[in-house]
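Keep the structure open as you read.

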Amino acid sequence: MSEKNASPVLETRHVWKDYHIAGENSLFAKTFHAVEDVSLTVKKGETFGIVGESGCGKSTMARLLMCLELPDDGEIYFQGQRIDRLPEHARRKLRPRFQMVFQDSGSSLNPRKRVQDILSEPMLYHKIGNGKQIDRRVEELLSMVGLPVEMKGRYPHEFSGGQRQRICIARALSLNPDVVVLDEPVSALDVSVQAQILNLLRELQERLGLTYVFIGHGLGAVHYISHRIAVMYMGRVVEVGTSDELFDHPAHPYTKALLDAAPAADADARFRPRTALKGEIDEHPIAGACPLYHRCPNAGKGCLSFSGEIEEIAPGHFTVCRKAWEE
């Protein structure tokens, strides 16, 4: 489906999520802004990537999209319906329509249950099909993810990491979801296995018309599978664009630094000028300034005034960087 004609499936509007960190004295508990004023739109049939370093808020964003956690402020919509303020029983009815695959396939699967039971459990809970229908569906799911049907009687520890992740994908697909949120699904796998899983995900998307939210810090994987990408820094989205546009013409200094930090296969590219950030993340940034101010090589006086607004600098390409707006 072309992006132009695609309709929104998931949407967040000015979402915030805070965590309170208790100190020695509970009266002086600190507030950590995990997600700050994030607005995103995920369109039907696309893979929307979210990328950033550890601690940037991307996994929190995944849990918010799934309503495994609720935002402190803002709104979350699924196919036009606001879901973050629905009663739990109403939200539970929607659960089959959006599913999640986690990074650690080992801890995601019950070690005491056979694959047959792991894949059957969601369908039994949601009362989808009878015994024979569920058995056929389990075999169909295993075939879809490239595993022999004969393996349905085995336990998770009898599989490799890549095979376990295939089982997790099969479980997510068991309820015929519209959206699958993938939280770093290949980061714990070998490079060759990563490629196999990514190709499998692309094949399943084309076959089933799925919509993905793909979260990761491996830029190669995110670039390969995503149609559009959002870059997060300290809980904020700092840049959004199509996958190729973002990689070919990064606008925000943080995006440039992320790309330049990745290993380059091209020998000539290893000696190109690179964007390097200074210092470490500041837990106490200057009030009202760009969060990247003290680390950014291009920071100027104008960056001391940060609105947080994201502006379009090219068709479909958005950033919060004032310097990029001016250029």
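Start with helix 4. Its buried residues are covered by, among others, helix 5 and helix 6. Bear in mind that this is a predicted model. Helix 4 runs over residues 115–125. Its buried residues are Val115, Gln116, Ile118, Leu119, Ser120, Pro122 and Met123. The spacing of such residues can be read against the helix repeat. An α-helix has 3.6 residues a turn, so residues three or four places apart point the same way.

How does each partner sit against helix 4? Two packed helices are described by the angle between their axes and the distance between the axes. Take helix 5 to begin with, residues 131–144. Helix 4 and helix 5 pack at an angle of about 120 degrees, and their axes are 10 Å apart. Angles of 65 to 115 degrees count as roughly perpendicular. The pair is therefore oblique. The crossing of helix 4 past helix 5 is right-handed.

Now look at the residues that touch. Helix 4 brings Val115, Gln116, Leu119, Ser120, Met123 and Leu124. Helix 5 answers with Ile134, Asp135, Arg137, Val138, Leu141 and Leu142. By class, this contact holds eight nonpolar, two polar and two charged residues.

The cut-off for buried is under 20%. Beyond its neighbours within four places in sequence, arginine 137 is in contact with Met123, Met144, Leu173, Ser174 and Asn176. Of these, Met123 is in helix 4, and Leu173 is in helix 6, residues 161–173.

Next comes helix 6. Helix 4 and helix 6 pack at an angle of about 30 degrees, with 8 Å between their axes. Angles under 35 degrees count as roughly parallel, so helix 4 is roughly parallel to helix 6. This crossing, too, is right-handed. From helix 4, the contact uses Val115, Ile118, Leu119 and Pro122. From helix 6, it uses Ile167, Ala170 and Arg171. Six of these residues are nonpolar, none is polar and one is charged.

After helix 4 comes lysine 127, with a positive phi near 55 degrees.

In soluble globular proteins, nonpolar side chains tend to be buried together. Here the largest nonpolar core has 53 residues. Leu119, Ile169, Leu173, Leu201, Leu204 and Phe214 have the most contacts inside it. Which helix gives the most to this core? It is helix 6, with six residues. Follow one member, leucine 201. Leaving aside neighbours within four places in sequence, leucine 201 is in contact with Ile169, Leu182, Tyr212, Phe214 and Ile225. There is also a second, separate core, of 31 residues. Among its members are Val15, Cys56, Leu65 and Val213.

Leu65 takes us to helix 1, residues 58–65. Six of its eight residues are buried, so helix 1 is largely enclosed by the rest of the structure. The buried ones are Lys58, Thr60, Met61, Ala62, Leu64 and Leu65. Cysteine 67 follows helix 1 and has a positive phi, near 60 degrees.

Two further residues have a positive phi without being glycine. Aspartate 37, with phi near 50 degrees, lies in strand 2, residues 30–43. Its relative accessible area is 27%, so aspartate 37 is partly exposed. Glutamine 79 has a phi of about 50 degrees. Where is glutamine 79 placed? It is in the loop between strand 4 (73–78) and strand 5 (81–82). With a relative accessible area of 36%, glutamine 79 is partly exposed as well.

Finish with strand 1, residues 8–21, which holds glutamate 11. Apart from neighbours within four places in sequence, glutamate 11 is in contact with Leu40, Thr41, Glu75, Ile76 and Tyr77. Glycine 288 is 277 residues away from glutamate 11 in sequence. In space, their C-alpha atoms are 27 Å apart.

How values were computed. Residues numbered from 1 in each chain as written. Predicted model: local features only at pLDDT ≥ 70, side-chain atom pairs only at ≥ 80, totals over all residues. Heavy atoms only, no water. Helix = DSSP H or I, 4+ residues; strand = E, 2+ residues; numbered from the N terminus. Buried < 20%, exposed > 50% of the residue type's maximum accessible area, 1.4 Å probe, protein only. Core = buried A, V, L, I, M, F, W, Y, C linked by side-chain atoms within 4.5 Å. Contact = heavy atoms within 4.5 Å. Axes fitted to C-alpha atoms, helices over the stretch in contact; angles between N-to-C directions. Parallel < 35°, antiparallel > 145°, perpendicular 65-115°, else oblique. Left-handed = near helix turned anticlockwise from the far one by under 90°. Nonpolar A, V, L, I, M, F, W, Y, C, P; charged D, E, K, R; others polar.
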